[in-house]
Amino acid sequence: MTTPAGIDPRGPRFAATITAVLLLVATFLALVGISTTPSGPASFGWFAYQPLANATYTPTGWAISSAPLGQRALDPGFLLTVVIALLFLWGVVSPRTAPWSALFRTLVRPRLAPPTELEDPRPPRFSQGVGLFVVGVGLVLHLAGVPWALPIATAAAFIAAFLNAAFAFCLGCQLYLLLQRIGLIGRTAPAA
Amino acid sequence: MSPALALGVAAALLALATVVGLVLRRRDGRRRDGGTLRFDPADAAEELGSRATLVQFSTEMCARCPQVRRLLRAYASDHDDLRHIEVDLTHRPDLSARYKVLQTPTTFLVDGSGAVRARFHGVPHRHALTEAVAAV
């Protein structure tokens, strides 16, 4: 695999800034939504009504476990996180046409001085995949009724996006060697 | 969760992320102990410098490696007894395991006998390099 053409390193950081803001908002929405809501009052009375005499009520449960799938899916935090996941997916599949990348090229970059250095586009693209995986796990667990899964997943993705935006810290670059050791990527040299 | 509490949690998350970023920035480029590692020049198919060698570990997709390459090359050319060699870890997980390299760029300062005297993760600070070379 030959090295692809370099990209302006400020593009991925611009995208990471917008993504970090979206993820922080999604975390807030997830925290006030159904993911963190404890169960409401029992739906049956406390009288000695024989058919319900053996029914038990666990006040320490979570509302999401007993909520129908539609209610879980209509949670505002969930909906915003789905949008964010689709943006990550777009960034993995076609980075050049992804919204923030296109926005950077048309609106921001003409106003900046030319870049002093170009970077390989593959690590940022890999980082989009990492973000997709993390929020994807949160979305699936949320639909499965696991409480707190969604805000924890969006918070983790937020930290990675924020570190990239504010400190130019590339989590994907850090993970590469680790994943290589585990054997998931890059072990064999490609045929020249 | 009440919106006020959620807002507080979000603010705490932002603060936590900022602290993590500042800690990582501080640790980046500092001189660290080389431990008991020894560098084998056969791994780079090059010879060691007479006094010391700056061994840079890179991968194909490392954003900051070109910058470190230029820095170390310029630094080594200023000193006659220093050499700069580069090792590509992209397809060599055995080397990254042997030398305990977890991120790129990582730079070793290796003395004439092959002992690793110092290591730097990220872009090395110039003053930290000078101190480490002086200690060899």
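In this predicted model, helix 7 of chain A meets helix 1 of chain B through two sets of residues. The helix 7 side consists of A:Ala155, A:Phe158, A:Ile159, A:Phe162, A:Leu163, A:Ala166 and A:Phe167. Two residues are in contact if their C-beta atoms, placed from the backbone, lie within 7 Å. Helices (H or I, at least four residues) and strands (E, at least two) are DSSP runs, numbered from the N terminus. By class, this contact has 11 nonpolar residues, one polar and one charged. Ala, Val, Leu, Ile, Met, Phe, Trp, Tyr, Cys and Pro count as nonpolar; Asp, Glu, Lys and Arg count as charged; the others, Gly among them, count as polar.

The axes of helix 7 of chain A and helix 1 (residues 3-27) of chain B come within 9 Å and cross at roughly 50 degrees. Axes are lines fitted to C-alpha atoms, for helices over the stretch in contact, and angles run from 0 to 180 degrees between N-to-C directions. The two helices are therefore oblique to each other. Angles under 35 degrees count as roughly parallel, over 145 as roughly antiparallel, 65 to 115 as roughly perpendicular and the rest as oblique. This crossing is right-handed. A crossing is left-handed if the near helix is turned anticlockwise from the far one by less than a right angle, and right-handed if clockwise.

Residues are numbered from 1 along each chain as its sequence is written, while chains are lettered from A and ligands numbered from 1 in the order in which they are written. Local features need pLDDT of at least 70 and side-chain atom pairs count only at pLDDT 80 or more, whereas totals for chains, interfaces and linings use all residues.

The whole contact between the chains takes 33 residues from chain A and 29 residues from chain B. On chain A, helix 1 (10-32), helix 6, helix 7 and helix 8 (171-182) each supply at least two residues. The chain A side has 20 nonpolar, seven polar and six charged residues.

Helix 7 (residues 149-167) of chain A also packs against helix 6 (residues 122-143) of chain A. Their axes lie 7 Å apart, at an angle of about 165 degrees. Helix 6 and helix 7 of chain A are therefore roughly antiparallel. Their crossing is left-handed. Residues of this contact include A:Gly131 and A:Gly138 of helix 6 and A:Ala153 and A:Ala157 of helix 7. The contact divides into 12 nonpolar, six polar and no charged residues.

Chain A has eight helices and zero strands. Of its 192 residues, 40% count as buried (20 or more other C-beta atoms within 10 Å of a residue's own; exposed means 12 or fewer, and partly exposed lies in between; C-beta atoms are placed from the backbone).

In chain B, B:Ser58 is found in strand 2 (residues 52-58). B:Ser58 is buried, with 20 other C-beta atoms within 10 Å. Beyond four places in sequence, its contacts include B:Cys65, B:Glu86 and B:Thr104.

The model scores ipTM 0.81 and pTM 0.83. Chain A averages a pLDDT (the predictor's confidence in each residue, from 0 to 100) of 85. Chain B averages 88. In chain A, pLDDT stays under 50 over residues 188-192. Where pLDDT is low, the predicted coordinates should not be read in detail.
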